[in-house]
Amino acid sequence: MILLLRKRTCIVILGLLFLLTLSLLVRFVLPCKTVPSTAIPNVVPEVKTSTLVIAMTFDDGPDPEGTPAVLQVLSKHQAKATFFMIGKQAEKYPDLVRRVHLEGHEIGNHGYLHSYSLYRNVSKAMKDIEETQNLIYRLTGRRPALYRPPGGYISEELALALAKKSITVITWSWIQDTKDWRSPPADIQAGHILHYAKPGQILIFHDGGPNRGETIKTVDMCLAKLASQGYRFVTVSELIQMKGN
Ligand SMILES: [Zn+2]
């Protein structure tokens, strides 16, 4: 009888331990609340408009090689774009932040540390994002109105916390992501983008990171071809203003 009771107690304890482990796994290991973002309020992947406009965006800069090369090609085509800057990069290259701003492009916030795991904690994420807001404000006199989450992953909780600060979360047109950071050949990237191009899209590229050559060529090819089809290239905030037009 005692043996049977002990056996039952053991089974109950093992069962409880199993449930505890499972709940810890769900809470801390599986990204249960971090989902690709289209269904979350305050998250904009693209804009509905019939006007021939597209917003090009550049992530992970500023970078002493990539950013000037991107600025040069944008200037060649008289295109405006949005740069989602990493705070620690902006701190390292303040002149590039000022230059992007002075050349008429928009600067968005891409987090100070660009850490995927940190942004699962809303208060830590907000502190990191606020630090970048302050830094960009000190350098340009303008507080970014846009935040792009690293990897495009964001929780509803963080999106709502950002809404309270009047910061809109910008992802991108998923169909147009060529993963340019892996440097696929420019003709393949441009071919894909030109095939799927539609008004109101937000295109993602990277001016930060190594080997930006194929990205620069892709942007050059896309700007030339899309302009010949009548497209204009605007900042993300300008694109949002055109919603429904
Ligand atoms: Zn990034």
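**Figure 1. Packing of helix H2 against helix H8, with a right-handed crossing.** In this predicted model, H2 covers residues 66-76 and H8 covers residues 213-228. Their axes lie 10 Å apart and form an angle of about 15°. Angles under 35 degrees count as roughly parallel, and H2 and H8 are therefore roughly parallel to each other. On the H2 side, the contact is made by Gly66, Ala69, Val70, Val73, Leu74 and Lys76. H8 contributes Ile216, Val219, Asp220 and Leu223. By class, the residues of this contact of H2 with H8 are seven nonpolar, one polar and two charged.

**Figure 2. Packing of helix H7 against helix H8, again a right-handed crossing.** H7 spans residues 186-196, and its axis comes within 8 Å of the axis of H8. The two axes cross at roughly 35°. From H7, the contact takes in Ala186, Asp187, Gln189, Ala190, Ile193 and Leu194. From H8, the contact takes in Glu214, Thr215, Lys217, Thr218, Met221, Cys222, Lys225 and Leu226. Sorted by class, the contact of H7 with H8 holds seven nonpolar, three polar and four charged residues.

**Figure 3. Helix H5 (residues 122-140) and the elements that cover its buried residues.** H5 has 19 residues. From its first C-alpha to its last, H5 reaches 26 Å, close to the 27 Å expected at 1.5 Å a residue. The buried residues of H5 are Val122, Ala125, Met126, Asp128, Ile129, Thr132, Gln133, Leu135, Ile136, Leu139 and Thr140. Among the elements covering the buried residues of H5 are the strands S4 (82-85), S5 (106-109) and S6 (146-147). The cover also includes the helices H3 (87-92), H4 (94-102) and H6 (156-164). Gly141 follows H5 and has a positive phi, near 80°.

**Figure 4. Packing of helix H5 against helix H6, with axes 10 Å apart.** The angle between H5 and H6 is about 45°, which makes H5 oblique to H6. The crossing of H5 and H6 is right-handed. H5 makes the contact through Val122, Ala125, Met126 and Ile129, and H6 through Glu157, Leu158, Ala161 and Leu162. The contact of H5 with H6 has seven nonpolar residues, no polar residues and one charged residue. Val122, Ala125, Met126 and Ile129 are also among the buried residues of H5.

Figure 5. Tyr93 has a relative accessible area of 24% and is partly exposed; buried would mean under 20%. Leaving aside residues up to four places away in sequence, Tyr93 touches Pro62 and Pro64. Tyr93 and Pro62 are 31 residues apart in sequence, while their C-alpha atoms are 6.6 Å apart in space.

**Figure 6. The protein as a whole, with nine helices and 10 strands.** The protein has 245 residues, of which 46% count as buried. Of its contacts between residues at least 6 apart in sequence, 76% join residues at least 24 apart.

Notes:
Residues are numbered from 1 along each chain as its sequence is written. This is a predicted model: local features need pLDDT of at least 70, side-chain atom pairs count only at pLDDT 80 or more; totals for chains, interfaces and linings use all residues. Side-chain values use heavy atoms; hydrogens and water are left out. Axes are lines fitted to C-alpha atoms, for helices over the stretch in contact, and angles run from 0 to 180 degrees between N-to-C directions. Helices (H or I, at least four residues) and strands (E, at least two) are DSSP runs, numbered from the N terminus. Angles under 35 degrees count as roughly parallel, over 145 as roughly antiparallel, 65 to 115 as roughly perpendicular and the rest as oblique. A crossing is left-handed if the near helix is turned anticlockwise from the far one by less than a right angle, and right-handed if clockwise. Contact means heavy atoms within 4.5 Å. Ala, Val, Leu, Ile, Met, Phe, Trp, Tyr, Cys and Pro count as nonpolar, Asp, Glu, Lys and Arg as charged, and the others, Gly among them, as polar. The expected span of a helix is 1.5 Å times one less than its number of residues. Buried means under 20% relative accessible area, exposed over 50%, partly exposed in between (1.4 Å probe, protein chains only).
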